[in-house]
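Trainee: Could we go through this structure together, one question at a time? I would like to see how each answer is reached.

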Amino acid sequence: MLDSALEILRLQNDGEATAVEIASAALDAIEASQPTINAFTHVDREVALAAAAVVDAKRAAGGKLGPLAGVPVAVKDVLCTHDMPTTCSSKMLKDFRPPYDAGVVERLRNSDAVIIGKTNMDEFAMGASTENSAFGVTRNPWNTDRIPGGSSGGAAACVAAGTVPLSLGTDTGGSIRQPAAMCGVTGLKPTYGRVSRYGLIAFASSLDQVGPIAWSVPDVALLLQTIAGFDRRDSTSLNLNISRYSDGLESADLTGMRIGLLRESMDRDGVDESVRQATLTAADVFRSLGAEIVEIDLPHNDYWVPTYYVIAPSEASSNLSRYDGAHYGHRASDISGDDELGPLVTTYCRSRAEGFGDEVKRRIMVGTYALSEGYADQYYSQALKVRRLIKGDYDTAFGQVDLLLGPVTPTPAFPLGEKVDDPIQMYLCDLFTVGANLAGVPAISLPAGLDASGLPVAVQLQAPVLEESRLLMAGAAFQTATDHHQRRPSATRH
Ligand code: GLN
């Protein structure tokens, strides 16, 4: 029941379950999985049940119900919620209770969804494994010795663990698609500007985007429909009509669609054979559905990771300067013994030293360096120029094909601890995902099978800006022809 939002809507419409019963089931499932999976940073049974009771009362009174009425939704802990803490999985914000809701949270509430809790993540969304959380690692429900991916590791794991049907993640360089891939669920990064970022705690503002995670494409479409659209409180929000994302998914027809297979990038060193095979098999599936597959290349792929790891830390170093212990965030209690700097600067330094974890500090240092006088031309400005070339590659590619098909991650989920001490190896996990963020295009991660040890592998489709519907159509057709999205982890796997 907790696998599908559409099924939960049907159960309530047919009088087979109430919103309170559904919320209770979700809360029980979370309680059972939390000691092993640790997908959540905050769950409040009372608040969730009260929200569900409001939906039931509305239904009983014959009131008009929103499109997600009574559906439990988990929210990544980087999105502001007025009635729950918002920590970014950082010690810096461990006591932060925002006075307002993020735009997307407001939309969830208006759609009568039941916000069940906040999900664990890499601190300030920086990471690819959810090991950089101040509140402990999240484990992969398919194998609890493995990472769930990141930074939205909790958001993907809570769906894969069967605790909620829908969750919201954020994606700056792959943080929706990569954990979705590693947890065997479906995740979509919308076009930059499609979904409001008001109340999303900023990591890298020119790249950040909020998006949906669920088992299957129709559920992803339903959640996207709820959160997409203009918000005047976000200056990067696009004031354009949105498509009806759920329409036509059942009868999606790919006849005549041209799909570019990113063959060269797939054949490079470090890409696991299971990932290569899954991508080739997916290409066959699309071919059998009537699409034409052509091999294509995004020539600057080698520069994606270096470009991203200059731009994202640069923006982060600026965005995170607000956490100084005076205006925002953790404040050091002991500022004694440093007379040279004086009390104010000592407060800044110690608060930041105590409040931020190692990876966040690393990004702040890299970003500050890349932006500093004398180096900005060499690093930040140079990265912006390369970003234009990368965007140009996408424009050229989309002049020839309707969609791009390739891997999401070079490998399936790796063991916990394997890359924590090796930032470069961790950054290379983003090899196939950061391009969509640098170019601002939408992309979806689709389950594409299991490897020999039973871990999920996935494929990625990327589309031109604002063509989320095309991604969903192709994804829905793929899921009609395959059953990868119907595989479930056995609860006690190790
Ligand atoms: N893994 C990437 C990083 O560490 C992406 C993070 C994200 O998308 N939030 O920056």
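Mentor: Let us begin at the surface, keeping in mind that this is a predicted model.

Trainee: How much accessible area do Leu-341, Leu-344 and Val-345 have together in their patch on the surface?

Mentor: These residues form a nonpolar patch on the surface, and one of them, Leu-344, lies in helix 11, which covers residues 342-355. Taken together, the accessible area of Leu-341, Leu-344 and Val-345 is about 240 Å².

Trainee: How is helix 4 oriented relative to helix 7?

Mentor: Two packed helices are described by the angle between their axes and the distance between the axes. Helix 4 (residues 103-110) and helix 7 (residues 217-227) have axes 8 Å apart and pack at an angle of about 110°. Because angles of 65 to 115 degrees count as roughly perpendicular, helix 4 and helix 7 are roughly perpendicular.

Trainee: Which residues of helix 7 make the contact with helix 4?

Mentor: By class, this contact of helix 4 with helix 7 has 4 nonpolar, 1 polar and 1 charged residues. From helix 4 come Val-104, Arg-107 and Leu-108, and from helix 7 come Leu-223, Thr-226 and Ile-227.

Trainee: At what angle do the axes of helix 9 and helix 16 cross, and how many nonpolar residues does their contact have?

Mentor: The axes of helix 9 (residues 273-288) and helix 16 (residues 468-481) come within 10 Å and cross at roughly 95°, which means that helix 9 is roughly perpendicular to helix 16. Helix 9 contributes Ala-282, Val-285 and Phe-286 to the contact, while helix 16 contributes Ala-474, Phe-478 and Ala-481.

Trainee: What is the N to O distance in the salt bridge of Glu-7 and Arg-10?

Mentor: Side chains of opposite charge can pair when their charged atoms come close. Glu-7 and Arg-10 are separated by about one helical turn, because they are 3 residues apart in helix 1 (residues 5-13). A search of the whole structure finds 28 salt bridges, and for the side chains of Glu-7 and Arg-10 the N to O distance is 3.1 Å.

Trainee: Which residue is joined to Gly-150 by a cis peptide bond?

Mentor: Most residues other than glycine have a negative phi, and most peptide bonds are trans. In the loop between strand 3 and helix 5, Ala-125 has a positive phi of about 70° although it is not a glycine. The cis peptide bond, with omega of about 5°, joins Gly-150 to Ser-151.

Key
Residues numbered from 1 in each chain as written. Predicted model: local features only at pLDDT ≥ 70, side-chain atom pairs only at ≥ 80, totals over all residues. Heavy atoms only, no water. Axes fitted to C-alpha atoms, helices over the stretch in contact; angles between N-to-C directions. Helix = DSSP H or I, 4+ residues; strand = E, 2+ residues; numbered from the N terminus. Parallel < 35°, antiparallel > 145°, perpendicular 65-115°, else oblique. Contact = heavy atoms within 4.5 Å. Nonpolar A, V, L, I, M, F, W, Y, C, P; charged D, E, K, R; others polar. Patch = residues over 30% accessible without salt bridge, like charges linked within 9 Å, V, L, I, M, F, W, Y side chains within 5 Å. Areas by Shrake-Rupley, 256 points an atom, 1.4 Å probe, with all protein chains shown as cover. Salt bridge = Lys/Arg side-chain N within 4 Å of Asp/Glu carboxyl O.
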